[in-house]
Amino acid sequence: MSKVIVVTSGKGGVGKTTTTANVGAGLAALGHKVVLVDADIGLRNLDVVLGLENRIVYDIVDVTSGHCRLRQAIIKDKRLPGLHLLPAAQTKDKTAVSPEQMQELCGELKKEYEYVIIDCPAGIERGFKNAIAGAERAIVVTTPEVSAVRDADRIIGLLESSGLSSPELIINRLRINMVKAGDMMSIDDILEILAIDLLGVVPDDDEVVISTNKGEPVVLNEKSLSGKAYRNISRRIKGEKVPFLNLESEGGFLNALRRIIGLK
Amino acid sequence: MLLDFLNRIFGRDSSNSKDVAKERLRLVLVHDRASASPELLHALKADLIKVISKYMEIDEVASEVSLDKSESQVALVANIPVKKVKHISQSKSL
């Protein structure tokens with residue numbers, strides 16, 4: 001199993017950072033030593049999603065430019081012993097790091113951590129090229145919208161031509177009631193179009209917003225459905241065979257009514 | 001159908017917007033994947049008309065050149081109405 005994983009999407013706002021944080025926390029909760037790398041230089045966010053924003057001293061640019069040593073820049077999470085973060089620089093731009101420097105950095109991190117997970121910035125320019133430079137495996141995040149799936153298709157093509165063949169898909173923010181009503185593309189619709197392997201499906205869940213508000217990854221919330229989805233994804237990344245969540249069984253008044261009158 | 005009736009009661013439209021989404025996505029991806037810009041197709045159409053016009057009289061205004069996807073292949077679809085076939089002498093065509 002490859003260890004350096006890039007989380008990407010093309011389109012912004014589909015949940016790359018949330019996915020990176022939760023998959024990282026999920027793997028750490030399973031007992032692995034994980035480092036998350038925020039490659040979104042200039043628009044640093046992984047730190048706030050993880051609730052580690054007050055602990056940053058050095059960042060990725062300090063490391064690549066030699067202002068500090070790698071070990072000094074890495075923040076250790078206090079809740080999960082295996083979870084670490086290498087934050088992005090907030091005052092620089094994407095050109096502050098080169099693809100060669102990223103390769104070298106990933107090579108170093110790989111020696112010490114079981115999983116290196118890179119949060120890729122939106123877009124297909126320099127930031128994307130940097131983020132994928134040292135990666136051995138790619139996760140593409142999309143939502144069930146025309147714009148997000150279109151960008152995911154483009155990203156899959158770019159990943160494949162960069163040697164990251166067979167990227168895996170996470171469908172985020174699926175609203176099962178809308179799918180049932182025929183007003184949202186289903187998992188099968190999206191897989192048919194993109195023709196790549198499915199890593200997991202995360203339902204649209206208020207708990208994600210609540211967790212992010214508090215800076216606590218939802219994957220640690222035992223009761224939430226999205227947390228369960230992220231825990232399953234983490235286990236699949238390890239190579240375990242985990243059945244997909246049956247989102248169909250979720251409630252809703254109309255569905256209850258359908259069940260009562262025997263349409264379901 | 002009872003289901004349609006219930007859907008109507010709860011204010012659900014019977015037309016599926018996801019089918020619209022899927023079809024729009026399918027078409028936009030045909031062009032994205034072929035990395036064919038509208039300019040490229042326009043230039044191709046102009047050249048095709050130029051060549052075909054040597055042999056046939058065609059309706060340039062009604063002509064259409066586009067990409068479409070059938071199963072797993074992308075096809076170039078040209079719809080060029082022919083008005084008249086030109087009679088070219090044997091020697092010229094050889």
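Start by selecting α10(A), which gives four residues, the largest share, to the lining of the largest pocket. Helices here are DSSP runs of H or I with at least four residues, strands are E runs of at least two, and both are numbered from the N terminus. A pocket is an open set of points on a 1 Å grid over the protein atoms alone, where a 1.4 Å probe fits, with protein on both sides within 12 Å along at least five of seven lines; lining residues have an atom within 4 Å of a point.

A note before you go on: this is a predicted model, where local features need pLDDT of at least 70 and side-chain atom pairs count only at 80 or more, while totals for chains, interfaces and linings use all residues. Residues are numbered from 1 along each chain, chains are lettered from A, and side-chain values use heavy atoms, without hydrogens and water.

Next, select A:V14, A:G15, A:K16, A:T18 and A:R173, which lie nearest the centre of this pocket among its 25 lining residues. In chain A, α1 (16-29), β7 (168-174), β8 (197-203) and α10 (206-214) each give two or more residues to that lining.

Now pick A:K33 and A:Y113. Where does A:K33 lie? Over the face of A:Y113, at 4.9 Å from the ring centre; the rule asks for NZ of Lys or CZ of Arg within 6 Å of the centre and within 35 degrees of the ring normal.

Finally, colour chain B by element. Its four helices and four strands run α-α-α-β-β-β-β-α from the N terminus. Of its 94 residues, 17% are buried, meaning under 20% relative accessible area with a 1.4 Å probe, protein chains only.

Key: Buried means under 20% relative accessible area, exposed over 50%, partly exposed in between (1.4 Å probe, protein chains only).
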